[in-house]
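Colleague: I would like to learn how to read contacts in a model like this one. Can we go through it together, one feature at a time?

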Amino acid sequence: MAEDLLVARGLVVSYGRHGAPAVLHGVDLRVGKGETVGIVGESGSGKTTLGRALLGLVRPAAGTVAFAGDDITALDERSRHPLRRRMQMIFQDPMSSLNPRHTIGRILIEPVLLHGLADDRQAARTLVHGVLDRVGLARGTVDRYSYELSGGQRQRVGIARAVVLRPDFVLADEIVSGLDVSTQAQVLRLLQELTSEMHLALAFISHDLSVIRSICQRVVVMRDGRVVEEGACERVFAAPASDYTRMLIDAIPLPEVDPGWLARGASVEAAATA
Amino acid sequence: MSAPRLAIDALSAISLRDGGKPILRRVSLSVGRGEVHGLVGESGAGKSTIAKAVLGIIPAQVKVTSGAIGFEGRNLLSLSAKELRAVLGRDIALVPQDPATALNPSRRIDAQMTDGLRLKRGLSAREARVRAAALLEEVQIRDPERVLMSYPHQLSGGMRQRVLIAAAFGLEPKLVIADEPTTALDVTVQKQILRLIRALQERHGTSVLFVSHDLGVVAKVCDRLTVLYMGKVMEQGATAEVLAAPRHPYTRALLAANPRYDRPDTGLEPTPPEVVAALRAEIAAFDASAVEPRHG
Amino acid sequence: MEHWAPASAPATADIGPPPLSVVSRLVRDPKVVGASGFVLVLIVLAVAASLIAPKDPLAQNLLLADVPPAGFSGAEPGYLIGTDGLGRDVLSRVIFGTRVSLTVAFVAAGLACLIGSLLGLLAGYLGGWIDTLISRLVDIWMAFPPVLLSILLVAVLGAGLHSVITAIVVIDWTRFCRVIRTETMGQAQMDYVVAARTIGFARPAILFREIFPNVVPVLIALLTLEMGIAVVVEAILSFVGLSVSSDTPTWGGMIAEGRQLVHEAWWVLAAPLAALFATVVAFNQLGDGLARSLDPVLRR
C-alpha cells in the first residue's frame, strides 16, 4: 500500500467564536504518496472545510495534521512557508481564483520566483511556457487575463498553477462542478495524467460520485461533519457498508432508462431526511 | 395521435450583440399531451433561449428571425404582450433553476404563492391561502402552515424548490417549463424532486418541457428527448432509443464523456477532434444553406 | 530544470484576439475623452491664468461697472462676460477662480483619499481589533456635524486655503475609509486571495499586490466624486467668507457678490455658477467613465 504522506486525526473545526457549532466533528483522513482519494458529501457535509484544514488555511480546534511524518497542525506562517511549495490547491471557480487584474503569466511566474525555482524572470517565463504546453494552452496565454479565457481554459490555468511548483500533494476542491461534461472529461484526463507523471498525492473533493469512481482509488464519504464510510472505491461502490452511502449511490441517475429508479428508495430517503 | 400541446416549428434566432451570430438554427420539436420532453445540451447550446422564447422573455439582444411556437392552436410569437400575459402563469408555468434567487427574499411564502392564484385564477385571499396549503401538502411538505409563514431564507434548497413546483403546478397549467430544476440541489434531494415532478405531472396530465444539461436526469423523467448543439437539433426521439442506440456522433460523444459509477473504465472520453471537426462542418453547411431573404 | 512533457490532451480552442488595452479603451469612451478634455482645459486655465485671462482680475474700473456680456445692449468690447459691481472683468475672475477650485479639488480630495483608503484597506484586510478600532473611530468621527467642524477649524487655523483643505480632509476621509473597507473585505473573501495564501505569499504582499488593484476602480470613482464635492465645499466656504481672502477671486466669492446683483447684473452670478456646475459634472463623468473602463466586470 502507498506510504502515507498526509495524515489527519480527530480534526475538529468550528467557525466563529468559542461555543459555535462545529463543522467537523473529529475527522480522520489519510492520503498516501501518489494516491488519489475522493472526498464526497452533499452540502453541509464539511468536505470543503476538511480540505482547508489539511492545507492549514483554517486552524482546527482539536486534532492533528501530519505531512511526511511531521506534525504541521500548529505551524505559524513563517514555519509553514517551505511546506507551501509541497502542498497546493485547485479551486472550484476559476473566475474568482484567478486575480482578474493579473495576467496569466504573472499568476504563474510569481510563485516560481517566490520559491526560487528559477534564477530570474526570463528563466521563470521559460518554465511557465513549458507548463502551459503541458496543460494544452497556447504560449500566448501568458499575456491574457482570466476573463478572456473560457471556463475550461481557466481551469487548466488553475491546474498549471497548482503543479508548476512540483508539489507532493494537491487538493482539488470541486474543480469540475461548473463545467460542461466534455470539458470536464478533458480537465479530468489532464489531471489524471499529471498525477501519475508527477506521482502526486491528490485529495479530490466532489459531490459527484460518478466522477470520483472514475478517477479515485479510495473514497471517503462525509455527512454532517463526520466520516460515514471509507475504503477502496471498488469495495464501497460494490458493497457500501453505510445506509447513507447506499442512498447516495442510489440517487445517482445513470444515463439510461430505468422505470423503477424513481420509486426505489423512497421510504429510506423519507426516513433519513425526516 | 392527438395534436401536440407545444409545437416549435423551425425556430431561428440570432444574437444582435455578436453581429448576427446564430443562436438557434431552425429548431423544431413537439411536446404531446401529458408528455415530458427533455431538451438536453451543454451550456451555450440554446436550450435556455428556447425556454425563454416559449415564455416570451427573450432578452433584448436576441432576435427571433423565423419560425413559430404553436401552443393551443396559436403562435405565441405573434401574440401581443397583453395576450401573452393572459396565457403565461395560467396555461404555461415555469419551474426555475435556482430556488435561491427565484423567490423574493423579503416576502413570505404565502404571499408569493397566493399572488398567482389570485391573479390568474381569480381566487379570493382566503381561498388562495387554503389552496396554497393544499398545494404544499401535495408536494409532500409535512407542515404547510410553518412553510407558508416562513421567508425563503428560512427554508432549505429542496424545500424552496418544492414551493416553486407547487406554485407552478398549482395553477393547473397545460404546460410546465422546467429549466434545470434540480441543478442547484444535492443529489438525494434531486431524486426526491424528480419523483415529485413526475408524480404531479402524471396526476394532472401536464405536459413538461424539461431543460437540462444532465443526460442522467433526463433519462429518468423524460419520455422523449431533443439533443441540441450550437442551436441545432442533433437528434430527437424516444429517450430509450436515443440513449441506448444514439445515431448522431454528438449524442455518442456526449454519452462517452459522462462518467458512470457502474462502469469505472468508461466515461471521461474527451470528444475526438474528428467529431469536433465534423460537427463544425455540419453547422457551417447549415449556415451556408440557410441564407434566405428576410421576410418583411 | 526538468523538462515538461508535451500535452497529450487535444489542443484547446483558440483564445481569440486580445481585447483593447486599457489606454485604447479609455480613448474610445466619449465620456472619458470629453470629461478629461474639460478638466485639462481647466488645468491649463489655472496654470496659465495670467497669460490667458484678458484682464487683471483685481483691476477695478467704476466707470465700467455692471457691463453686460457680449451680444447684449450696452456691452463693451474686451469684456466677454461683462463686469461686476466694481468694474472687474467677470471672465478673468472666473479663469483665476479655477486656481483655487482645482487646488482644493486635487489636494483635498487626494489627501482625504490617501488617508481614508489606507485606513480602510488595513481595517478591511486585517480585521480583528484594528478593524474595530478604525471602524469605531469612523463612527464617532462621522457623528460630528461637518459644517460646525469646518467653521471650528477655520476659526482655529484662520481663514485661507490651508484651512479649507484641512477641513475637507478631516471630514471626508471617513467616506473613503468606509467604502474601501467594505470593498477590501469583499475582495479578501475571493478564492484568488486563498490561492495566494496557499502559494505562500506574505500578508502585506497579498494586500497590496492582489487585493489593492481590485479595489482601485472603486477608489477612482470615489476620488473623482470627492473632487466634485471638494469644489462645491470650497465654494460654500468662500460664499460665507471663510475661504481665501477676498482679494483672490473664487467662484464661491463671486456667487456671493453676484447674489446681491442678480437683478442688475445676473451674469455676475451666472458665470461662476456655470463654471462650478460644469466642473462638478466633468469630474463625475470622468470618474464614471474611468471606473467602467478599468473594471472588467462592469465592462461585460
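Modeller: Gladly. Keep in mind that this model is predicted. Start where two chains touch.

Colleague: Now inside one chain. Into which domains is chain A divided?

Modeller: Domain 1 is built from 1-86 + 169-189 + 197-274, and domain 2 covers 95-166. Their centres, taken over C-alpha atoms, are separated by 27 Å.

Colleague: How many residues does the contact take from each domain of chain A?

Modeller: Domain 1 of chain A supplies 9 residues, and domain 2 of chain A supplies 9 residues. On the domain 1 side, helix α7 (residues 181-197) of chain A gives the most, with 3 residues. That side of domain 1 of chain A has 5 nonpolar, 3 polar and 1 charged residues.

Colleague: Next, helix pairs. What describes two packed helices?

Modeller: The angle between their axes and the distance between the axes. Take helix α7 (residues 161-188) of chain C and α9(C): the angle is about 155 degrees, and the axes are 10 Å apart.

Colleague: Why are α7(C) and α9(C) called roughly antiparallel?

Modeller: Angles over 145 degrees count as roughly antiparallel. The angle here is about 155 degrees, so α7(C) and α9(C) get that label. Their crossing is right-handed.

Colleague: Which residues meet there?

Modeller: From α7(C), they include V164(C), I168(C), F176(C) and V179(C). Among their partners in α9(C) are I211(C), V215(C), L219(C) and L222(C). By class, the contact of α7(C) with α9(C) has 15 nonpolar, 3 polar and 4 charged residues.

Colleague: And α8(C) with α9(C): at what angle do their axes cross?

Modeller: Helix α8 (residues 191-199) of chain C and helix α9 (residues 203-239) of chain C cross at roughly 145 degrees, and their axes come within 10 Å. This crossing is right-handed. On α8(C), the contact uses Y192(C), V193(C), A196(C) and R197(C). On α9(C), it uses I206(C), E210(C) and I211(C). The class count is 5 nonpolar, no polar and 2 charged residues.

Note on methods:
Residues are numbered from 1 along each chain as its sequence is written. Chains are lettered from A and ligands numbered from 1 in the order in which they are written. This is a predicted model: local features need pLDDT of at least 70, side-chain atom pairs count only at pLDDT 80 or more; totals for chains, interfaces and linings use all residues. Axes are lines fitted to C-alpha atoms, for helices over the stretch in contact, and angles run from 0 to 180 degrees between N-to-C directions. Helices (H or I, at least four residues) and strands (E, at least two) are DSSP runs, numbered from the N terminus. A crossing is left-handed if the near helix is turned anticlockwise from the far one by less than a right angle, and right-handed if clockwise. Two residues are in contact if their C-beta atoms, placed from the backbone, lie within 7 Å. Ala, Val, Leu, Ile, Met, Phe, Trp, Tyr, Cys and Pro count as nonpolar, Asp, Glu, Lys and Arg as charged, and the others, Gly among them, as polar. Domain bounds come from an automatic or database domain assignment. Angles under 35 degrees count as roughly parallel, over 145 as roughly antiparallel, 65 to 115 as roughly perpendicular and the rest as oblique.
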